[in-house]
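Trainee: Please take one part with me closely: the surroundings of the ligand. Then set that part in the wider picture.

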Amino acid sequence: MNLLIPGPTPLPPEVREALGRAMIDHRGEEFGRTLRNLLEGLQQIFRTTSPVLMFATSGTGGLEAAVVNVLSPGDRVLALSCGMFGERFASVARSFGAEVIMEEAPWGRGVDPQQVMDALRRHDGVRAVLVTHNETSTGVTNDLRAIADAARGSGALLLVDAVSSLGAIDLRADAWSLDVVVTGSQKALMGPPGAVFISVSPNAWEAAKAARMPKHYFSFAMARDQLASDAAYTPFTPAIPVVYALAVSLPMILREGLEARFAHHRRLARITRTGVQALGLALFAEARWASETVTAVQVPAGIDGKELRARLLRRFGVAVAGGQGALDGRIFRIGHMGYVQEAQIVDALEALEHVLAELGHRRSPVSST
Ligand SMILES: *Cc1c(COP(=O)(O)O)cnc(C)c1O
C-alpha cells in the first residue's frame, strides 16, 4: 500500500526488521543502554541539552503529560488554535481544570504572533501558552519561532505540540525557549505508534514542583528519576518494540542530518502542491502557511470526497486521509512525512488524475499560489 496519511507513516525496511526482535528484560542493563542512547540522541532532534522523557502512549497522551506536569487547576492558559489539534490541546487543559482562553486563527492560516503578544498583554497571569507547531488537520505550519518571541518575557511557559513536525521542520527547543515539546514515534521519526518523547526545560522543571494537576502514570519527575536509577529505567513497562525501532531510525536521521531531512520534506511538499494544482485542485492552506509534512487539498465541487478516497485506495492502493471535524468531506490530506519517498507522491498524483477523470472532474488548472 502507498501509505500517505499524516501518521502513522511508512517504515524503512531496517526499522520493520527491528520490530521483529525478541523481547528483553526492560529492567536489564542492555535495555537501559539502548533507551538512554535513544533519549540522548533525541536531544539532537529537539535541539536541547535538557533531558528527553519517554512515555508509552499516543501523541494525545503526550499533550496530557505536558499539561498536568506544569499546571494547577484554575491556572490560566492561552491556547493558540488554527485547527482540530489546537482545539484538542485546549480541551486537554480544560479537562484538568485550567482556565482556557482561546486565541484562534481562521482554519487554513496560522496564528498571528502579534495576536499572541496582544492577548498576553490583555490577559493577566497567563501561566502557559499552548501551541501546535504543525496543524495536521489543515496542513498549516505555525511560525513557532515568532510565536515564541511574542511569548518571551510574559512569564508564561510555552508548551508545544510538535507531533507532526519534529524531525521534519526546524524546531529549536533551547534557542527558542520552548518549555515543553511533545512529539510522537509514528510521524517524522519513522517509527510505529506507541511512544511519545517530551523535552522539558529548566523553567518547566521548576513549574513542575508546584504543579497540582492530578497525575500518576504521566509524572515527569518519576520518569526522570527512574531513568537516572541503576535498577530500572522506566517506571512502567515501556513500548520495547518502539524503542527498538527508533534506535534504528534515529541514527538514520542523524546520519542524513537535520538540514537534509528538512530539505527532503520541503521537496516532497513542493511536488505535492504543484502536482495537485496542476490537476486543477485548490489547496486548503494559504501559501505562506503551507505545511512541509502534510498537504490539505480541497475536494472540488460536485465530487464526493469519500468516494474519491475510496477509489484511490481500492483501485490504486493509495491511502490518503479525509478531513476532520468541520472539514469532513471538504478536504483530503496527503501526508508526506518521515520515510515517504518522491516516487510515492508521483504515484499518488497519477492515481488522483485517473480517479478525478472517472468522477467527471473537469480540469481547470488553478493558478499557483
Ligand atoms: C498525530 C498528531 C497528534 C497525536 O495524535 P494521537 O492520535 O493521539 O497519536 C497530536 N498532534 C498533532 C499535531 C498530530 O498531528
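Mentor: Start with a term. A polar contact is a pair of N or O atoms within 3.5 Å; within protein, one atom must be able to donate a hydrogen and the other to accept it, and residues adjacent in sequence count only if both atoms are side-chain atoms. This is a predicted model, in which local features need pLDDT of at least 70, side-chain atom pairs count only at pLDDT 80 or more, and totals for chains, interfaces and linings use all residues. Residues are numbered from 1 along each chain as its sequence is written, and side-chain values use heavy atoms, with hydrogens and water left out.

Now the ligand. In the side chain of T60, an N or O atom sits 2.5 Å from an oxygen atom of the ligand. S58 has a side-chain N or O atom 2.6 Å from a ligand oxygen. For K187, the distance from a polar side-chain atom to an oxygen of the ligand is 2.7 Å. On its own, the ligand has 390 Å² of accessible area, and the protein covers 86% of that. Such areas come from the Shrake-Rupley method with a 1.4 Å probe; for residues, only the protein chains shown count as cover. Two elements give two or more residues each to the shell: α3 (59-70) and α4 (84-95). Helices (H or I, at least four residues) and strands (E, at least two) are DSSP runs, numbered from the N terminus.

Who else is there? The ligand has 13 residues around it, and S58, T60, T136, D161 and K187 come nearest. Here a residue counts as near if one of its heavy atoms lies within 4 Å of the molecule or strand. Sort the shell by type: 8 polar, 3 charged and 2 nonpolar. Ala, Val, Leu, Ile, Met, Phe, Trp, Tyr, Cys and Pro count as nonpolar; Asp, Glu, Lys and Arg are charged; the others, Gly among them, are polar.

Next, the whole chain. The chain has 14 strands and 12 helices. Its C-alpha atoms fill a box of roughly 60 × 55 × 30 Å along the principal axes. Of the 369 residues, 58% are buried. Buried means under 20% relative accessible area, exposed over 50%, and partly exposed in between (1.4 Å probe, protein chains only). The chain exposes about 14,800 Å², and 50% of this comes from carbon and sulfur atoms.

T295 belongs to strand β11 (residues 294-298). T295 counts as buried because its relative accessible area is 4%. Its side chain makes a polar contact of 2.7 Å with the side chain of H336. Leaving out residues up to four places away in sequence, T295 touches T272, R273, L283, F332, R333, I334 and H336. Contact means heavy atoms within 4.5 Å.

Last, the backbone. Most residues other than glycine have a negative phi, and most peptide bonds are trans. R47 has a positive phi, near 55°. This residue lies in the loop between α2 (29-46) and β2 (52-55). R47 is partly exposed because its relative accessibility is 27%. S177 also has a positive phi, near 45°. Look for S177 in the loop between β8 (157-161) and β9 (180-184). The peptide bond from G7 to P8 is cis, with omega near -5°. P8 is in the loop between β1 (2-3) and α1 (13-18).
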